[in-house]
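Okay everyone, let's get started. Have a look at the sequence and the structure on the screen, and I'll talk you through some parts of the fold.

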Amino acid sequence: MLVIGGGKASAGMALEIERILDGWITGGSVNIPTYTNPWPKSKQIKFNSATHPVPSEDGVRGVKNMLRLVGHPSEDDLVICLISGGGSALMPLPPKGILLSDKQKTTNLLLKSGAKIDEINAVRKHLSDFKGGRLAEKLHPATILSLIISDVVGDKLESIASGPTVPDDTTYADTYTILQERGLWRTVPNSVRKRIQKGKEGKLLETPKRGSRIFKRVHNVLVGTNEESCQAAAEVLEKRGYHSLILSTRLQGEAREVGKVLASICADIHENQHPVAPRAAVVAGGETTVTVHGKGRGGRNQELVLSAALSIRGNPAILVSSIGTDGVDGPTDAAGAVADGSTVERGLRRGLDADTYLGENNSHEFFKKLKDLIDTGPTGTNVNDIFIAIVGSADQKSDTTRRSLGQ
């Protein structure tokens with residue numbers, strides 16, 4: 001029995017599977033983020049350091065270690081694959097003709113374009129010899145058990161870590177359309193354009209599709225989701241005396257626009273007691289995007305909260321927060337941020353104009369100066385983002401709301 005895989009949660013997953021199957025595992029190789037701390041210790045599983053969100057040669061070496069470990073599998077072999085969010089970047093294996101630097105540039109361009117995670121992963125699958133069912137192809141005819149923690153809105157297995165053991169419904173034609181619609185076709189590396197064009201013309205084999213014989217002995221099992229995390233948060237808030245409402249676990253769209261919508265819902269709760277009466281706790285999950293226009297630093301959660309802060313300005317009864325469950329929001333060391341009705345004015349008193357900072361995509365600097373960042377450090381898991389808003393009664397002040405959350 002072999003254990004392989006990668007992702008932000010793969011270290012903890014590997015240690016737990018080793019505890020459960022102590023003595024049965026004959027070997028293992030798992031890629032985990034470079035920032036994992038403390039570094040896990042295992043008797044039977046080797047941990048390989050790799051980077052996220054942009055892939056690196058360390059990740060490639062780790063994938064090659066996995067494939068060497070597996071060797072030439074047979075029907076008698078069982079391979080357990082541990083897959084979680086971040087696996088796309090942590091387990092890179094560029095195909096012939098594509099340099100890792102080509103994938104790095106393409107990934108960076110997609111991240112900055114506002115592309116959704118399933119769009120990014122569709123492109124990644126077609127620039128990989130590992131994703132989009134390619135791993136299942138390499139492990140055939142062994143029995144494969146993939147244990148998966150979802151970081152994808154809607155828990156689509158084919159999108160989580162770009163679905164290394166899952167049939168791929170996307171095509172080279174789809175990747176071409178994505179790059180065209182995002183305005184990136186002429187800016188991605190020439191080697192990427194050549195590969196996608198050849199694939200469109202049928203000169204390259206497509207990723208494995210549904211019905212292929214290679215998936216007959218593959219079992220993909222979802223073991224962790226955003227919905228479960230939102231439910232846990234709602235239960236904690238209920239115990240603290242709030243009327244909890246899980247609004248959605250499928251939040252998507254531009255972070256600043258979603259922030260406005262969520263803030264308007266909070267205002268409606270405060271003013272009209274719809275769709276729940278104060279003291280209320282609104283919980284939502286999902287993953288927004290940021291189209292970068294400015295030169296600042298931030299992440300989708302911090303940008304969402306800064307946008308919401310502008311909408312709840314002057315309302316002392318509303319507090320909003322949003323965090324990345326992995327503890328890392330965008331290219332920053334914060335998990336997210338928190339704001340209330342006084343945030344915008346507090347910023348102005350310190351010479352910080354929230355509108356200007358939002359326009360520059362500089363939410364991190366804004367909240368850092370106000371000391372309103374949420375810092376958890378890497379959590380060792382990843383189940384999308386969680387938004388939590390507290391709406392008090394008309395006479396409840398935000399400082400009381402902050403204390404009730406334990407901030």
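**Helix H1 and its cover**

Let's begin with helix H1, residues 10-20. The cover over the buried residues of H1 includes strand S1 (2-6), S2, S3, S4, S5 and strand S6 (218-224). Contact here means heavy atoms within 4.5 Å. Helices (H or I, at least four residues) and strands (E, at least two) are DSSP runs, numbered from the N terminus.

Before I go on, some housekeeping. This is a predicted model, where local features need pLDDT of at least 70 and side-chain atom pairs count only at pLDDT 80 or more, while totals for chains, interfaces and linings use all residues. Residues are numbered from 1 along each chain as its sequence is written, and side-chain values use heavy atoms, with hydrogens and water left out.

Back to H1: which of its residues are buried? They are Ser 10, Ala 11, Met 13, Ala 14, Ile 17 and Glu 18. Those residues cover an arc of only 165° around the axis, so they sit on the same side of H1. The arc is that of the directions from the helix axis to the C-beta atoms. On the other side of H1, Arg 19 and Ile 20 are exposed. By the way, buried means under 20% relative accessible area, exposed means over 50%, and partly exposed is in between (1.4 Å probe, protein chains only).

Now find Leu 82, which is in strand S4, residues 78-83. With a relative accessible area of 0%, Leu 82 counts as buried. What does Leu 82 touch, if we leave out residues up to four places away in sequence? The list is Val 3, Ile 4, Gly 5, Gly 6, Ser 10, Met 13, Ala 14, Ile 17 and Leu 147. Gly 12 is 70 residues from Leu 82 in sequence, and their C-alpha atoms are 10.0 Å apart in space.

**The six-stranded sheet**

Next, the sheet. Six strands make up an open sheet with mixed pairing, in the order S7-S8-S12-S9-S10-S11. At the edges we have strand S7 (243-251) and strand S11 (373-374), each pairing on one side only. Two strands count as paired if DSSP finds at least two bridges between them. As a reminder, strands of a sheet pair through backbone hydrogen bonds, either parallel or antiparallel.

Take S8 (residues 280-286) and S12 (residues 385-391): they pair in the antiparallel sense, over seven bridges. Ala 280 has Val 391 in S12 as its bridge partner. Helix H10 (residues 255-272) packs on the sheet and touches S7, S8, strand S9 (318-324) and S12, with its direction at about 30° to that of S12. Axes are lines fitted to C-alpha atoms, for helices over the stretch in contact, and angles run from 0 to 180 degrees between N-to-C directions. Then there's helix H11 (residues 300-311), which lies across S9, strand S10 (336-340), S11 and S12, and runs at about 165° to S9.

How many of its residues are buried? Five of the five are, so S10 is largely enclosed by the rest of the structure. Remember that in a regular strand the side chains alternate between the two faces of the sheet. In S10, Gly 336, Val 338 and Asp 340 are buried on one side, and Ala 337 and Ala 339 are buried on the other. S10 runs antiparallel to S9, joined by five bridges, and Ser 322 stands opposite Ala 337. S10 also runs antiparallel to S11, with two bridges, and the partner of Gly 336 in S11 is Ile 374.

**Some backbone details**

Now a few loops. The peptide bond from Asn 37 to Pro 38 is cis, with omega near 0°, and Pro 38 is in the loop between S2 (27-33) and S3 (45-50). Another cis bond joins His 140 and Pro 141, with omega about 10°. Asp 155 has a positive phi, near 55°, and is not a glycine. At 23% relative accessibility, Asp 155 counts as partly exposed.

**Zooming out**

Buried residues make up 54% of its 407 residues. Along the principal axes, the C-alpha trace spans about 70 × 50 × 35 Å.
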